[in-house]
Amino acid sequence: MVQFGNPPIAVIGGGLAGLSASIDLVDAGQNVVLLERRPYVGGKAYSFDDPKHDVTLDNGQHITMRCCTEFQSLLERIGCPDIVRYQDHLEVAVTDPDSTGHHVSMISADQPRALTRLGLRLLPAPLHMAPSLITYEHLSVAEKARLALAFEPIRRMSDFERLALDRQSFGVWLRDHYQTQRVIERFWDLIILPTCNDRCADVSATQAIQVFQDGFSRDPRAADIGVFTRGLGEVADSALEYLRPRGARIELNASVAGLITTGSDVSGIQYRHDEHLDVAGVIVALPPHAAFNLIPAAWRRREPFWRLSQHEVSPIVNVHMQWDRAVMRRDFVASLDSDAQFIFNRSQIHGWQTPPFWVSVSLSGAHDIVNLPQAAIIERVERAVRRALRRTSGAKLLATRVVKEAEATFRPKPGMNAHRVRPRTSIRNLALAGAWTATGWPATMESAVRSGRAAARVILEELDQRL
């Protein structure tokens, strides 16, 4: 039963972190107000209508994995678990446009491209990687042998040892474990770039090793990839349909101007132009710099708030491409070309059977491309896609849509783990949430959900102590 007589708990930010926190709070019987500055919720995981082409697109192609258990639990809780279709086991087709053409088992012999699969078989971890690594044709036999010199230390590493590596880049750690730059680019970056949104050279060893430990070294099914068969907007819509009947108040187009303090507590919120809301507690579920700017100036030098200003961001660029014919057969393909990275068969994933056919290209860690004009981005990506997919030969590119997320995620560079703060703060009724907080995960939907739930627990514990 929602306690309408009490001041509400305000959740600022309607991304997955804020939605998850709100759901836990209403289920605990709390009066909740969710404030979102935009006219929709979902944060970085949203859909939009493209009326020019009569299609609904996600801002970018998102995936999940079986190890993302809290995110999957959220989908089950709000009633849309079937939006995700998982692989039976991890399998990623990898194409190398620069190949000389001698690996042609899966493509035409007259095309100078090589494609192999990087996948997992159902053997005990970590041996489940062995069969696909043996046949991974983008590395030589000697290079594949080197992988074990890094995999074995990762498998054996304790949490304490991993956390001690935060100030070292994963690229440096890999070179210390006999991985050449070519091996890093053709194997390790292939996994770290989409999961951490930066390359091994720029990612903390602590963060990167956690990806391999949780995804590849413990459970053979953990890294199975799940694709979204319907628009991501359905996740946000389902969350709202869960919250509203349970008494949550949703305020859209509601920019929060500031927090009102009484002593050492937050007592109220000022939002929109001059609206005021008395609160019992606050969860700030915003990106780190937006959260820092919302903190009252007198508090910004306190722990942990000053750490929020230390964060940097890493961009993602997504290019949606409309073709006159089907240009790929698989759900997705990875490319060793940095201008393609991951190519998704959006029409097949969503079950769109008739032309035109949509393909989405996701470029993570897109520091060198995000500030280019859209025409230049399209030119580079189209060239890379045509090199990666032989079926584009003779195909006509009908339309494109570029979506830039200049501040897609926090940047997990060496030393940043110290600035990933816990949800509890020095202000007893103020908690922090967001994929950038100290969840132990990279900036993923899983991290966002975990952070929201952790922040809700902090506020509920504080309310219990007041009784």
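## Burial of Phe-344

A residue is called buried when its relative accessible area is under 20%. In this predicted model, Phe-344 has a relative accessible area of 5% and is therefore buried. Phe-342 is likewise assigned as buried, because its relative accessible area of 13% falls under the 20% cut-off.

## Aromatic pairs around Phe-344

The structure contains 13 aromatic pairs. In one of them, the ring centres of Phe-332 and Phe-344 are 5.7 Å apart and the planes meet at 40°, so this pair is classed as tilted. Phe-332 belongs to strand E16, which covers residues 332-335, while Phe-344 belongs to strand E17, which covers residues 342-344, so the pair ties together parts that are twelve residues apart in sequence. Both Phe-332 and Phe-344 are buried.

Phe-344 also forms an aromatic pair with Phe-342, for which the centre-to-centre distance is 6.4 Å and the angle between the planes is 25°, and this pair is stacked.

## A cluster of linked rings

Ring pairs also join several aromatic residues into a cluster, whose members are Tyr-136, Phe-151, Phe-170, Trp-173, Phe-187, Trp-188 and Phe-212.

## Arginines over ring faces

Two arginine placements complete the description of the aromatic residues. Arg-246 is positioned over the face of Tyr-242, at 3.6 Å from the ring centre, and Arg-300 is positioned over the face of Phe-292, at 5.3 Å from the ring centre.

How values were computed
Residues numbered from 1 in each chain as written. Predicted model: local features only at pLDDT ≥ 70, side-chain atom pairs only at ≥ 80, totals over all residues. Heavy atoms only, no water. Phe/Tyr/Trp six-rings, centres within 6.5 Å; stacked < 30°, edge-to-face > 60°. Helix = DSSP H or I, 4+ residues; strand = E, 2+ residues; numbered from the N terminus. Buried < 20%, exposed > 50% of the residue type's maximum accessible area, 1.4 Å probe, protein only. Lys NZ or Arg CZ within 6 Å of the ring centre and 35° of its normal.
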